[in-house]
Amino acid sequence: MLITFSNTWRPPLSLLARLRSHFTFSTKCYIDEECNDFLPWLEHEAGVEISSLLSIGKSAYGRSLIARHPIKPGNFLLKVPYNVQLAPDNLPRGIDALLGDNVGNVAKVALLILYEQKLGKKSKWAPYITCLPRPEDMHNTIFWDENELKMIQQSSLHQKTIMHKLFVEQEFLTIKEASFQFSEIIQDVTLEDFKYACALVTSRAWESSRGVSMIPFADFANHSDLSDTTVLGNEEKQLSEVLIRYGKFSNARLLLDFGFTLPCNMYDQVQVELTIPHEDKLRQLKLELLSRHQTPILKDVNGFSSSENSFALKEVRSADAQGRGIPQSIRAFTRVLCSNSPQEINYLAVEAAENDGRLARRPLKDKSREIQAHQFLLSKISELIEEYNASIKSLELRTLCMVGKLDSRRQMAQYLLTGELCVLKSAALWLENYCATLFRV
């Protein structure tokens, strides 16, 4: 499809979807009768052009985009003009300007959804609003209680969720403080209502020239990490579900923003933190060296960053000690961390000055010190592996005592931790081979 979902994608003047490629698998899907009013509204009232191939249905993925007939590469699927999309500038006149930069675009569209819900059938978007997921159907970690969050405590997603909850609460308070000038919108709205609306936006909207935009019908396409477009088919009912890739997102990002995880996600990552112990006699010298050659904060589509003492690890595709391996940044930090004399630290500083400021990016000349540094890193990752194994085992033991929503979230937590464990194991194997190679040389 022409749509490629990512956090940097910008839609054109109207959304045009064309199929590039497809794969077919067996799945159960059927037409969703609850959305009977939605499609006529889209086509006749909103002026949306939809291929007769498409409809809305339900599958194992929930409410879905369904293909009634085979779709060929290049087929036109839909065209959604701007006037039907929900964006911050759709807020009642003056409110967007009043809020200004005090709250983000996600909060503004969330506020718009709450306002349109309050209008009920009088809302321009009523047929669309009524088709959106209900709070009880959403599993973004912002909705998880304290006991549920303990299931993912080993993952950096645990802390990210806590920070995200605090951020949403602050946005809500900011809106409440300004609400005396537009009380008709925010009156009787609770924090839980606002969290629900924000989750709808983060899971369904795209960044656009208008800030962020919710695009009716297009947002019923579910996610597959295998390709830009996938069609899953049910031959018996002559229906297929159209899947697209939201972006190259890890399970942590999918669970935080979209409320689901994949059993095998090729884009999984792990955030690893290393610190210089306070009892290290060379701690101040090491901190000063790292500060002088600090790596800029680099964030990827998953919100993971590699900077200072925090590093994003991806799965190492080859265990061969040659090849790309694990990030140079974490290896460089480890070389500094394991320095045991002022002379070693000074040598690293001189080398960095001769190397465009890049600190400890080359193997240490003393092979035994290079091995020691990487064995230290291996020991840290091995500790994480043990902790992840214990957490996963604990989840497996809970299987029989969990039902319904809680069991669904347990399964999501297990997919998250299992994927991150695979990343850690691949890094550990690479480090073992790297050290073994140095021993042989």
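Axes here are lines fitted to C-alpha atoms, for helices over the stretch in contact, and angles run from 0 to 180 degrees between N-to-C directions. Helices (H or I, at least four residues) are DSSP runs, numbered from the N terminus.

The model is predicted: local features need pLDDT of at least 70, side-chain atom pairs count only at pLDDT 80 or more, and totals for chains, interfaces and linings use all residues. Residues are numbered from 1 along each chain as its sequence is written, and side-chain values use heavy atoms, with hydrogens and water left out.

**Helix pairs**

Two packed helices are described by the angle between their axes and the distance between the axes. Start with helix H10 (residues 283-292) and H11. Their axes come within 10 Å and cross at roughly 150 degrees. H10 and H11 are therefore roughly antiparallel to each other; that label applies to angles over 145 degrees. The crossing is right-handed, a term for a near helix turned clockwise from the far one by less than a right angle. H10 brings Lys286, Leu289 and Leu290 to the contact, and H11 brings Phe333, Val336 and Leu337. Contact means heavy atoms within 4.5 Å. Five of these residues are nonpolar, none is polar and one is charged. Nonpolar covers Ala, Val, Leu, Ile, Met, Phe, Trp, Tyr, Cys and Pro; charged covers Asp, Glu, Lys and Arg; the others, Gly among them, are polar.

A second pair joins helix H6 (residues 156-178) and helix H8 (residues 191-204). The axes of H6 and H8 come within 10 Å and cross at roughly 115 degrees. This crossing is right-handed. On the H6 side stand Val168, Glu169, Glu171, Phe172 and Ile175; on the H8 side, Leu191, Phe194, Lys195 and Cys198. The contact of H6 with H8 has six nonpolar, no polar and three charged residues.

**A covered helix**

H11 spans residues 328-337, and nine of its 10 residues are buried. Buried means under 20% relative accessible area, exposed over 50%, and partly exposed in between (1.4 Å probe, protein chains only). Among the buried residues of H11 are Phe333, Val336 and Leu337.

**Salt bridges**

The structure holds eight salt bridges. Each is a side-chain nitrogen of Lys or Arg within 4 Å of a carboxyl oxygen of Asp or Glu. The table lists some of them.

| Pair | N to O distance |
|---|---|
| Asp257 and Arg253 | 2.5 Å |
| Asp280 and Lys286 | 2.6 Å |
| Arg335 and Glu370 | 2.8 Å |

Arg335 and Glu370 are both buried. Asp280 and Lys286 are buried too.

Asp257 and Arg253 sit in helix H9 (residues 251-257), four residues apart, about one turn of the helix. An α-helix has 3.6 residues a turn, so residues three or four places apart point the same way. Asp257 counts as buried at 12% relative accessibility, and Arg253 counts as buried at 14%.

**A loop with positive phi**

Most residues other than glycine have a negative phi. Asp356 has a positive phi, near 60 degrees. Ala360 has a positive phi as well, near 55 degrees. Asp356 lies in the loop between helix H12 (342-353) and helix H13 (367-397). Ala360 lies in the loop between H12 and H13. Which is buried or exposed? Asp356 counts as exposed, at 72% relative accessibility. Ala360 is buried, with a relative accessible area of 0%.

Technical notes:
Helix = DSSP H or I, 4+ residues; strand = E, 2+ residues; numbered from the N terminus. Parallel < 35°, antiparallel > 145°, perpendicular 65-115°, else oblique.
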